[in-house]
2 protein chains.
Amino acid sequence: MARPNYDNEYLAALQDYYARHRSLPSYSAISALLGFKAKTAAAALVARLEEAGYIQRTPDRRLTPTDRFFQRPRSLATVRAGMPEAALDESSDMVSLDTLLVRTPSKTFFVPIKGDSMMDAGLLEGDTAICERSQHANAGDIVVAFVGNELTIKRLMKEGSRYVLKPENKGYPVLRPDPLEILGVVTGSFRSYKR
Amino acid sequence: MARPNYDNEYLAALQDYYARHRSLPSYSAISALLGFKAKTAAAALVARLEEAGYIQRTPDRRLTPTDRFFQRPRSLATVRAGMPEAALDESSDMVSLDTLLVRTPSKTFFVPIKGDSMMDAGLLEGDTAICERSQHANAGDIVVAFVGNELTIKRLMKEGSRYVLKPENKGYPVLRPDPLEILGVVTGSFRSYKR
DNA sequence: TGCATTAGTGTACGAACGTACACTAACATG
DNA sequence: CATGTTAGTGTACGTTCGTACACTAATGCA
């Protein structure tokens, strides 16, 4: 490297732009955004980011983000004193939420959490459960079941020789639907705080 | 309406295209995709979809999907009896988790939750907090602070004229670090269940 | 039956886009 | 200190893009 490399900052600016507009800008727009005075600089930058695997092209040569484009740093839990900022910059562990949380996209669907019956399992009203369609569920799994015309999320438990649905909240009774229709297993969850 | 309206099929094709390439095609590419022989037809279609609120434009006039673009006809929450499978087919939400949960990528980082001090807020050991680096935090926000050489996640509260960090678990005491070093605000969280 | 409305065709044109090429400036390395 | 490498400037050019305009075809409605 013969000159200081600002590509990380440029990439960050492009990531923010994409988060706002869900689209990558043209070379001239990139130049305006990053302060370049020649489109060629933007073209060279894009070539570098393409080389590094952050950007792809569609069949008609439009710019498109790759999975790596969405990766975020995961900070370390413990950092050395005096340098809290370093904790954010130095962590090399990059992850993308989609690849992290959705293992088999074709079998995955989302179910909004209603009520507080799973509160003790950390599933609050407004959270979203990430579910995987599956025939087999084990006792102890949190599952999506079809009870009384609605989708319900409860923990699957074995009661003697039969399976039951147990809420994770002392105030709620165990459900014993018969037949028990299980649609899938909850593989994760997420929530977003309004600001 | 003076002619049959195929806009729903066209929209579906565009949604599929976007799901594949994370980008909307040009007018000529739309024409090729949908079988139009004149770009004008694609331009008119886009104008209609824009009117209907499915498509927006970036500052440099590039086409961009709106939230409605990703919206699916039926909600998952309640479905008619006997057809649980149908509920899943409609559910394919194309919004990626990254764009959903990360608003400003350049300021966003992840912090793993340790311990159970935020249990009552639905943040359990092993969860990951999505944090946004920010100077300003309001009382009531869940924040990432730097306390005793470690990153800590607590709720920021005002105690008289000073700010304190309040755990969401009755067993833990309020923290009153001085000075109070806040790195950012928690904008969301997620977890993944091991299988 | 006739008319207004709307989807799509075909052509033309200016503007914007991407690329090529020569050149300059900053920096690491030996 | 000289050299090779790389980021960015400036200019030029061919292609593609979006739009404008005139026209055709299909349909609902009076």
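Modeller: Phe110(B) stands opposite Ile130(B) in β4(B). This is a predicted model, in which local features need pLDDT of at least 70, side-chain atom pairs count only at pLDDT 80 or more, and totals for chains, interfaces and linings use all residues. Residues are numbered from 1 along each chain as its sequence is written, while chains are lettered from A and ligands numbered from 1 in the order in which they are written.

Colleague: How many bridges join β3(B) to β4(B)?

Modeller: Strand β3 (residues 108–112) of chain B is joined to β4(B) by 5 bridges, and the two run antiparallel. Strands pair if DSSP finds at least two bridges between them; strands (E, at least two residues) and helices (H or I, at least four) are DSSP runs, numbered from the N terminus.

Colleague: Why is β4(B) largely enclosed?

Modeller: Of the 6 residues of strand β4 (residues 128–133) of chain B, 5 are buried, so the strand is largely enclosed by the rest of the structure. A residue is buried if 20 or more other C-beta atoms, placed from the backbone, lie within 10 Å of its own.

Colleague: In what sense do β4(B) and β8(B) pair?

Modeller: They pair in the antiparallel sense, over 6 bridges. Thr128(B) stands opposite Phe190(B) in β8(B).

Colleague: And which strand of chain B is joined to β10(A)?

Modeller: Strand β8 (residues 181–192) of chain B is joined to β10(A) by 5 bridges, again antiparallel. Ser189(A) stands opposite Arg191(B) there.

Colleague: How many residues does the contact take from each chain?

Modeller: The contact takes 57 residues from chain A and 56 residues from chain B, a contact being two residues whose C-beta atoms, placed from the backbone, lie within 7 Å. On the side of chain A that touches chain B, the largest share, 9 residues, comes from strand β10 (residues 181–192) of chain A.

Colleague: Changing topic: at roughly what angle do α1(A) and α3(A) cross?

Modeller: The axes of helix α1 (residues 7–21) and helix α3 (residues 39–51), both of chain A, cross at roughly 90° and come within 11 Å. The two helices are therefore roughly perpendicular (65 to 115 degrees). Axes are lines fitted to C-alpha atoms, for helices over the stretch in contact, with angles from 0 to 180 degrees between N-to-C directions.

Colleague: Which residues of α1(A) and α3(A) meet?

Modeller: Asp7(A), Tyr10(A) and Leu11(A) in α1(A) meet Leu45(A), Arg48(A) and Leu49(A) in α3(A).

Notes
Buried ≥ 20, exposed ≤ 12 C-beta atoms within 10 Å, placed from the backbone. Parallel < 35°, antiparallel > 145°, perpendicular 65-115°, else oblique.
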